[in-house]
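Okay, thanks for coming, everyone. Let me put the model up and we'll walk through a few side-chain contacts.

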Amino acid sequence: GFQGMDAENKKKEPVYLVNSILVVITVLLVTAGGFFKHAGGAELLRNAILAGTGAFLTCFFFLSEKDRPPEKNTPPARTCCFAISYGICLAVSLCCAFLPPAGWPFLVVFVMMSLFCGFLPGICGGISFLTFSVLLSGADVGVFALYALTGLLGACLFSRLDEKYRIALPLFVSLSFLFAAETACVVLFANETLKWELFLIPALNVIISLILLLILLKVYSGMEIFKYRIKYLEINDQEFELLVNIKEKDKNAYYRAVHAAYFSERIAQALSLDADAAKTAAYYANAGILYKEPEKDLEDAFVSYGFPPYARQLLRELTGKNTGIRHKEAAVVYMADAVISSILYLFEKKQDTKTDYAAVIETVFQKKWESGSLKNSELTFAEWNRMKKIFKEEKLYYDFLR
């Protein structure tokens, strides 16, 4: 037990070292920025203390964040991503101290930190970096409020990005609010007659922020949102080793999985769900037939084959005895397997009899609903009925199964 604890602590030592270095570098750079701005001794001490506090809190929230899956708890890649994002945003905040406040790109800083470092450390880091810029530049509290509020809004709007990659509305809302807030906090309080030229810097800030956000989101989509796309293509290939093993073990189970995967993918796309994860879950929901102790061995097998975390979550819901079906994709796979199994069973019993597919599907849906298997599912009634309608529309497909 103690050896395991020692090994775990040794794994975390580099992470703590990196974060400690970030705190020290932050204090040194902010203090150096104060020297360049000819700050007095009291100001330098204040800046150093606030810089150290802000950096420490940001690193602390990063280390203690609980929203990540267990396999993502501070691995080297994540720590490296945090350090790079932190370093870039720190450099931007120091440069902002020498630029007009109306042109600060702190909306991008908040979004970058929240996307790559986690929501809570991102918010804390964004506020800390903004504090450094305000202290070094001597900007007033209105500038701090302007960028703190726009940054918080941007971080919240972009915090729910997923495979659908819907960025148009968050971009429009966050940039519109940025322009309106800059107009209210900077332009209207300028010590000049109100002229159109005063709107030039806020407008340029919005344009530059838009360009930087598009670049940032492109990088993020490649690193996070679509990073499992190639893996899904690999494991959903019918020549994939684990799927071939299922076919060799039980051909009936294999073909049922193939048909369930077809419906799961089609319905998931129609409901704007994660179609790749649903298809994977349908293919491997019966992979337990390959193991003597499915509950114990399945999870290890899925991890060893590199299944994406969300696909493993769906499979846990579909194969675990103590877990209920909660996610929408898992519910779709569950119903697809139920419908296919029922129709194939009827074909075996009455091969020459014409089957009323709509009645069969209605019966299956009714029984599954009454069984309570989906009582904790996130599916809405509208999605439930839409799914049922799609099943009823596939009469030609069911004839093909015959």
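Lysine 392 is partly exposed, at 27% relative accessible area; here buried means under 20%, exposed over 50%, and partly exposed in between, with a 1.4 Å probe and protein chains only. Its partner is glutamate 362: the two form a salt bridge, with the closest N and O atoms 2.6 Å apart. By salt bridge I mean a side-chain nitrogen of Lys or Arg within 4 Å of a carboxyl oxygen of Asp or Glu. Glutamate 362 is in helix α16 (residues 357-371) and lysine 392 in helix α17 (residues 381-392), so the pair ties together parts 30 residues apart in sequence. Glutamate 362 also counts as partly exposed, at 32%.

Before I go on, a word on where this comes from. This is a predicted model, where local features need pLDDT of at least 70 and side-chain atom pairs count only at pLDDT 80 or more, while totals for chains, interfaces and linings use all residues. Residues are numbered from 1 along each chain as its sequence is written, and side-chain values use heavy atoms, leaving out hydrogens and water.

Another one joins aspartate 276 and arginine 229, at 3.3 Å, N to O. That one ties helix α12 (residues 275-284) to helix α9 (residues 229-235), with the two residues 47 apart in sequence. Aspartate 276 is partly exposed at 22%, and arginine 229 is partly exposed at 36%.

Next, arginine 312 meets glutamate 299 at 3.5 Å, N to O. Arginine 312 sits in helix α14 (residues 309-319) and glutamate 299 in helix α13 (residues 294-304), 13 residues apart. Is arginine 312 buried or exposed? Buried, at 9%, whereas glutamate 299 is partly exposed at 24%.

On helices overall: the chain has 18 of them and 0 strands. Those are DSSP runs, numbered from the N terminus: H or I of at least four residues for helices, E of at least two for strands.

Last, the rings. We get 24 aromatic pairs, meaning Phe, Tyr and Trp rings (six-membered ring for Trp) with centres within 6.5 Å; planes under 30 degrees apart are stacked, over 60 edge-to-face, the rest tilted. One is phenylalanine 129 with phenylalanine 132, edge-to-face, 6.0 Å centre to centre and 75 degrees between the planes. They're 3 residues apart in helix α5 (residues 119-137), so about one helical turn separates them. Phenylalanine 129 is buried at 0%, and phenylalanine 132 at 2%.
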